Amino acid sequence: MSSIHDVVSMKPFSRKQIDGILDLSETFEDVARAKKPSNLLAGHVVATLFYEPSTRTRLSFESAMVRLGGQVLSVADALKTSSAWKGESLEDSILTVQNYADVIVLRHSERGSAERAAAVADAPVLSGGDDANEHPTQALLDLLTIRREQGKIDGNTVTLVGDHKHSRVTNSFIYGLANYKVNVILVNPPELAIAPDVLKHVQDKGLKVEETSDLAAALKKTDVVYIFRIQKERFKDPQEYERVKGSYVINRAMLEAAGRPITVMHPMPRLDELSTDVDTYPGACYFRQSFNGVLIRMALFALVLGKADVG
Ligand code: NCD
């Protein structure tokens with residue numbers, strides 16, 4: 001039996017577990033690319049419950065299950081199409097859905113919802129993101145992306161550019177990075193700084209974090225730049241969004257001016273913060289990054305359904 005049952009936060013993961021998940025995920029490459037069939041998860045069923053919009057997260061979870069021989073029950077737009085619309089509690093929905101599926105993937109608009117679901121469920125719960133809090137499976141695929149693009153995670157300077165205040169991706173990713181010997185540079189408008197408790201948590205673990213507003217200077221010492229969309233839907237005050245909108249952009253000329261090869265990541269969807277002229281830049285890897293999501297989600301299904309172990 002795997003010691004990993006739920007994935008609702010990156011905080012509890014050890015480096016050994018993360019490395020084990022990344023190693024396991026890469027064994028699924030041929031299955032994910034449909035070069036090799038698999039029946040590893042035949043007879044298993046996942047329910048994907050999405051209360052917030054998604055393209056990559058839901059479909060890569062579903063692709064992972066289907067390509068491993070399992071089946072999918074999918075609720076997109078759950079706020080409107082499930083009994084949540086009638087006022088059913090998340091807990092009651094989860095206790096019901098686990099009668100129909102062996103594993104539950106949940107994306108929800110309330111902070112802490114994934115933990116609440118895991119607390120009541122016997123079935124494993126994998127979070128696909130809870131409000132602006134965490135998105136742990138994204139962090140795992142992001143760590144895999146750095147390892148595949150750079151050959152290793154240790155030793156890199158990783159610059160995170162964007163809306164760190166509202167980004168669940170930043171939070172989970174920096175918790176994951178805190179297990180490695182990396183330098184982190186945070187670039188953001190002052191209003192969109194990372195939550196102090198998140199920063200303190202990773203600094204207490206020994207992660208070196210520099211905060212700056214000088215993106216050009218940061219790029220000159222960066223191996224990996226990870227840029228995020230401003231999370232318009234999470235602003236309480238629409239005027240605050242108007243003030244920061246468009247306040248940072250990465251384009252090809254800026255990358256070339258840095259004078260070094262840089263891996264460029266984005267969780268997607270992108271808006272105007274990442275110019276499409278970066279798409280042909282050699283280090284641009286955001287579409288490979290979204291493929292890596294299938295590998296990671298295959299590994300997580302295999303682990304929580306007892307078909308593999310990483311200690
Ligand atoms: C992210 C999310 O939903 O948090 N997208 C994703 O899962 N790939 C980032 C975003 O929406 O900006």
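Residues are numbered from 1 along each chain as its sequence is written, and side-chain values use heavy atoms, with hydrogens and water left out. Because the model is predicted, local features need pLDDT of at least 70 and side-chain atom pairs count only at pLDDT 80 or more, whereas totals for chains, interfaces and linings use all residues.

**The sheet**

Five strands form an open sheet in the order 7-6-5-8-9, with parallel pairing; strands here are DSSP runs of E with at least two residues, helices are runs of H or I with at least four residues, and both are numbered from the N terminus. Two strands are taken to pair if DSSP finds at least two bridges between them. At the edges lie strand 7 (208-212) and strand 9 (263-265), each of which pairs on one side only. From one strand to the next the twist averages 20°, with axes fitted as lines to C-alpha atoms and angles running from 0 to 180 degrees between N-to-C directions.

**Strand 5 and its partners**

Strand 5 pairs in the parallel sense with two strands, as tabulated below.

| Partner of strand 5 | Residues | Bridges |
|---|---|---|
| Strand 6 | residues 183-187 | five bridges |
| Strand 8 | residues 224-227 | four bridges |

Valine 158 has valine 184 of strand 6 as its bridge partner, while on the strand 8 side threonine 159 is partnered by valine 225 and leucine 160 stands opposite tyrosine 226. Five of the five residues of strand 5 are buried, so the strand is largely enclosed by the rest of the structure; buried means under 20% relative accessible area, exposed over 50%, and partly exposed in between, with a 1.4 Å probe and protein chains only. Thr157, Thr159 and Val161 cover one side, and Val158 and Leu160 the other, all of them buried. From strand 5 the chain crosses through helix 8 (residues 168-177) to strand 6 in a right-handed β-α-β crossover, meaning that, with the strands pointing away from the viewer, the path from the first strand over the helix to the second runs clockwise.

**Threonine 170 in helix 8**

Threonine 170 lies in helix 8 and counts as buried because its relative accessibility is 0%. Leaving aside neighbours within four places in sequence, threonine 170 is in contact (heavy atoms within 4.5 Å) with Leu160, His164, Ile194 and Phe228. Its side chain also makes a polar contact with the side chain of histidine 164 at 3.1 Å, where a polar contact is a pair of N or O atoms within 3.5 Å and, within protein, one atom must be able to donate a hydrogen and the other to accept it, residues adjacent in sequence counting only if both atoms are side-chain atoms.
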